[in-house]
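Work through the exercises below with the sequence and the model open. Each task is followed by a solution in steps.

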Amino acid sequence: MSDSPVSVHNPNEGQPQDEGPSAAQQKQMEQAYAQMKRKMSMQEIGKKIKHKIMVLSGKGGVGKSTVSTGLALSLAQQGHKVGILDIDITGPNVPKMMGLDGKRLHVEGGRIHPAQGHLGVKVISMAFLLDDDDTPVVWRGPIKLGAIQQFIGDVEWGNLDYLVIDFPPGTSDEPLTVAQSLPDIDGMVIVTTPQDVALMDSRKSIGFAESLKVPVLGVVENMSGYTINGKSAPNSTVEIAGPGGKSISTQADDEGNFSVVVDIFKKGGGKNTAEEFSVPYLGALPFDPGFVRGGDDGVHRIVSEPEGHSAKAFSEVVAAIQEQIGASESSSLEII
Amino acid sequence: MAEIMPKLTRLERRKSDLLLTYESGDELSVEYVDLRHACPCAKCAPNRNEDQTSIDLRESVEKLANKKPKVVTIGNYALSFEWEDQGCSSGIYRFERIWALANNKDPDNGKPYVHGPW
């Protein structure tokens, strides 16, 4: 202690020295800045990407990722600049279907650059960030939300004509977050298969779209019919045992070639659902085992057989979607 | 029976209000001050629960510059307004809310704001 009789008052005594913000404050400031930048970036992305299409289904296993990649490739075939955002965080499989298995994302200047798959389609997926295919992603809602916002706001998509967004099945956090973060979404494509269970869940998806105020572009019926081609005696009648032992007959042509469509999972359910809810029916996609092989090999059916039956079915669905987008464009909000 | 809201097709930012044109042909306006007083964010909304705090909120927004805001679309269901001044820009206005304000109706339907899960 000092012996001096004079006490000097130091107003800063006991107060922290003016050394700028603490490490915790600095981190908070950085996070707030990053969040603000991301919000601005999401608005900018909205302007750079002309059309944003969400692909959903109420039920799993209906071929949503196959449809998403098919739509993206079909649009790219038309000469459009296309991207796919794989929002299925816990089960991402778009990269495998696009021949990008094992690829990593390029990060430069704090921006994530998408990988480029077949026909120049840009792809962003959680799969690129996993160390191996067997690593599960176990995240609670808020973490998923942050990752999705990062996938939207921090990705350098460049100018795109179409962004196709592939979701996990159901009506949960993921589509809700995207609908609230990305401006001017053109609408949702609901994928279904003809079974009653899938259709029941598709109806939920339509209700979900209405509650989010995102237009339903329409319903696509996937795995709609399996075409069997064969050879028999010329002009003969061929009988095939269909599902439930039901006999399907067809006529072979002059050369003995025949072709018959077997409706493995019933038929027309997608169209009925669309009519029931007064939403457009976009068409049916065939049950094509080539999709499974193509998906596993990383060469999509549209790439391996661009003039094939499935590629044509996809181009018809794409045309129906474009018609819907054109209709919604003419009635969009004008802000001046 | 619930009233069906027509689609908003045009929004013009004028000096002190928004001019809204609906698909039905309705042309309505909302003063910036009314819009800001009706901010649905969790910070502003509780202030409208009591008469006095609602008056205070209104006085506070009246003191602001209330210049043309930047309009941001939120999905296809709502708009948000970014104001140049220090006032609140957090609110997400569903189209139903804007329609209610334009028709001089209480956008909260007389319900007080309650924090927490609904």
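**Exercise 1.** Find the strands that pair with strand β9 of chain A, and state which way they run.

*Solution.* Start with strand β8 (residues 187–192) of chain A: five bridges join it to β9(A), and the two run parallel. Strands here are DSSP runs of E of at least two residues, helices are runs of H or I of at least four, and both are numbered from the N terminus. Two strands pair if DSSP finds at least two bridges between them. Within this pairing, Met188(A) has Val216(A) as its bridge partner. Next take strand β14 (residues 281–284) of chain A, which pairs with β9(A) in the parallel sense over three bridges. There, Glu221(A) is bridged to Ala284(A).

This is a predicted model, in which local features need pLDDT of at least 70 and side-chain atom pairs count only at pLDDT 80 or more, while totals for chains, interfaces and linings use all residues. Residues are numbered from 1 along each chain as its sequence is written, and chains are lettered from A and ligands numbered from 1 in the order in which they are written.

**Exercise 2.** Why is β9(A) largely enclosed by the rest of the structure?

*Solution.* A residue is buried if 20 or more other C-beta atoms, placed from the backbone, lie within 10 Å of its own, exposed if 12 or fewer do, and partly exposed in between. Six of the six residues of β9(A) (residues 216–221) are buried, so the strand is largely enclosed.

**Exercise 3.** Describe the surroundings of Ser68(A).

*Solution.* First locate Ser68(A): it is in helix α2 (residues 64–77) of chain A. Then count: 26 other C-beta atoms lie within 10 Å, so Ser68(A) is buried. Finally list contacts, meaning C-beta atoms placed from the backbone that lie within 7 Å. Leaving out residues up to four places away in sequence, Ser68(A) touches Val55(A), Ile84(A), Val94(A), Val164(A) and Asp166(A). Of these, Val94(A) is 26 residues away in sequence and 8.4 Å away, C-alpha to C-alpha.

**Exercise 4.** Which elements give two or more residues to the side of chain A that touches chain B?

*Solution.* The contact takes 15 residues from chain A and 14 residues from chain B. On the chain A side, the elements are α5 (173–181) and β15 (334–335). β15(A) is also joined by two bridges to strand β1 (residues 8–13) of chain B, and these strands run parallel. In that pairing, Ile335(A) has Leu11(B) as its partner.

How values were computed
Two residues are in contact if their C-beta atoms, placed from the backbone, lie within 7 Å.
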